[in-house]
Amino acid sequence: MKNKALIIASAVFLLLASSTVVGYQLIHNQTPEQPSPAKFRLDDDFYTGGQLNELSSTEFEQLIAQQASFVLIAHMEYCPAETPLTTTAEELIHQKNYGLYGLKGDEFKSSSLASTIKYLPSAAIFRDGQLVAYLDAESDADIPYYQSATQLENWLSKYIEL
Amino acid sequence: MRKALKILSAFLIVGGLFTVIFFGVYGTIESIKQNSTDNTSTTSGLPAPEKTGGIRGQLGIDKNINESTIDQYLDRDDAVYRDMRMLVDEANYENIGGDSYLSGFVRGFEVIPYPKLINVSGLPVEVGDSYTGKTLFARRDNHIIANYQESMDFLEYYFPKDKYIFLMCGGGGYAGMTKDLLVELGWDESKIWVVGGYWYYEGDNAIQVKKILNGQTSYDFWKVTYHDIDFETLHEK
C-alpha cells in the first residue's frame, strides 16, 4: 500500500515537473501577438497633395504642434542605396497623387524626430501630431518598403485609410 | 516485488529531478546564446565583421563596430582607419540633405578618395555624378582592371593586408564599396569593417572641419590627413 502510494506520488511528481518545464518553455518562447492597429484617416492634403513638400525642422515642429496627421519622408541618402526612398516615394506620389512631406538631412537632425529615428532614410506616419509608425533602416523586414512604390503603399495601408 | 517497486519509485523521482534540471540548464544556455553578441575574431579580440540588418546592412555597415561603437576600437597599432570621402565631392549631396564637403571626421581616420580608386555609379539622380576623371581601377566586363602599374601598390600601401581595416565615409556607401573592391581584389573580408557614416557619428573623437564664422562658412582642410592621388606621377598600363 505504502509502496503503491510512493509510486503514484513519484509518477505525479514526474508528470508535474515535466509539464511545468514544458509549459514554461512554451510561454517563454511565445511571441506575443500584436494587435492590429486601427486605421485612421490622414489630413486631406495627403489624399490630393500630389507632391513631396520639403519642410524645415521649424515647419515640421509646427505640424506636430498643430497635431497634424501626415506621412513624412526623412531622407539623407548620402550614398548609393539600392533604390533611394525618395525615388520610391516620388513614384508613389506620381501614381496616386498623394501629398507627402519631406525632411532632409540636417533639418532632420535638428528636429525632435531625430531622438526617435536613429538612421535614415525613413518614412514616418503621424496621427494628431504623434508618431505612429516608421520604417527602420536596420530592419530586414522593412527593406521591401523602401524599394517599391507598391510595397510602400502596402505599408502605409496597414495604418491609414487609403 | 517490494524491491522492484522501490526501484521504480526511485527511478520516477530521479526522472522528475533530471527533467527539471536538464531543461532548466538547457533553457538557460539557449537564453545566454540568444542574448550573447560575443562573436570575437580569432586573436584580435575584435568581433568578427557582421552586417547589420536592413538597408544599412545592404551598404555593408557592421552590426558591432559602427558609428555608435567605433570609439572603443580606435588607436589600435594593428589596424588602419580610412575615411573614403573626397575633400570636396563633385556630386551634389546638398540636394539630398547631405554635404559634398568633408565637414568633419573621426580622429585617427585618414582620408582616401574612393571616387579616384574606381568610377562611382548608382548615385541618386538628384545628386548627379561624382568625380569622373582618372581612376586607379576600372570595371570592364565584370572584372576589375588596374589602369596604372602602381594601382595595386597604392591599395596595398594604404590598406595593408596584415592589418585590420576600418572604413568610414559620409553615410556608409563609399566605405561599403571600398570593402567590396578590396575583397574582390583579394583582401580578407574578415579583417575589414564598414563602420558607417560620419553623419551618424556621435562619439568623443569628432574632428570638426567645417566652421561658420561671422556668417561665413569655411573648411579647415589642413586638419585632414588626405591621401590624394596625382595621376601624373603614375605609369599607365
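The questions below take up some terms used for this predicted model.

Me: What makes up chain A, in helices and strands?

Reply: Chain A has seven helices and five strands. Along the sequence they run α-α-β-α-β-α-β-α-β-β-α-α.

Me: Why is α4(A) called roughly perpendicular to α7(A)?

Reply: Helix α4 (residues 85-96) of chain A packs on helix α7 (residues 149-157) of chain A at an angle of about 80°. Angles of 65 to 115 degrees count as roughly perpendicular, so α4(A) is roughly perpendicular to α7(A). The two axes lie 8 Å apart.

Me: Which residues of α4(A) and α7(A) meet?

Reply: From α4(A) they are T88(A), A89(A), E91(A), L92(A), Q95(A) and K96(A). Their partners in α7(A) are A149(A), L152(A), E153(A) and L156(A). Sorted by class, this contact has five nonpolar, two polar and three charged residues.

Me: How much of chain A is buried?

Reply: Of its 162 residues, 43% are buried, a word that stands for under 20% relative accessible area. Chain A exposes about 8700 Å², with carbon and sulfur atoms supplying 52% of it.

Me: What is the make-up of chain B?

Reply: Chain B has four helices and 10 strands, in the order α-α-β-β-β-β-β-α-β-α-β-β-β-β. Among its 237 residues, 49% count as buried.

Me: How do you know that the span of helix α4 of chain B is close to what is expected?

Reply: Helix α4 (residues 173-184) of chain B has 12 residues.

Me: Why is α4(B) described as largely enclosed?

Reply: A residue is buried when its relative accessible area is under 20%. Nine of the 12 residues of α4(B) are buried, so the helix is largely enclosed by the rest of the structure. These are G173(B), Y174(B), A175(B), G176(B), M177(B), T178(B), K179(B), L181(B) and L182(B).

Me: What do the buried residues of α4(B) pack against?

Reply: They pack against four elements of chain B: β5 (143-146), α3 (151-158), β6 (164-169) and β7 (192-197).

Me: Which residue with a positive phi follows α4(B)?

Reply: G186(B) follows the helix, and its phi is near 110°.

Definitions and conventions
Residues are numbered from 1 along each chain as its sequence is written. Chains are lettered from A and ligands numbered from 1 in the order in which they are written. This is a predicted model: local features need pLDDT of at least 70, side-chain atom pairs count only at pLDDT 80 or more; totals for chains, interfaces and linings use all residues. Side-chain values use heavy atoms; hydrogens and water are left out. Helices (H or I, at least four residues) and strands (E, at least two) are DSSP runs, numbered from the N terminus. The expected span of a helix is 1.5 Å times one less than its number of residues. Buried means under 20% relative accessible area, exposed over 50%, partly exposed in between (1.4 Å probe, protein chains only). Contact means heavy atoms within 4.5 Å. Axes are lines fitted to C-alpha atoms, for helices over the stretch in contact, and angles run from 0 to 180 degrees between N-to-C directions. Angles under 35 degrees count as roughly parallel, over 145 as roughly antiparallel, 65 to 115 as roughly perpendicular and the rest as oblique. Ala, Val, Leu, Ile, Met, Phe, Trp, Tyr, Cys and Pro count as nonpolar, Asp, Glu, Lys and Arg as charged, and the others, Gly among them, as polar. Accessible areas come from the Shrake-Rupley method with a 1.4 Å probe; for residues, only the protein chains shown count as cover.
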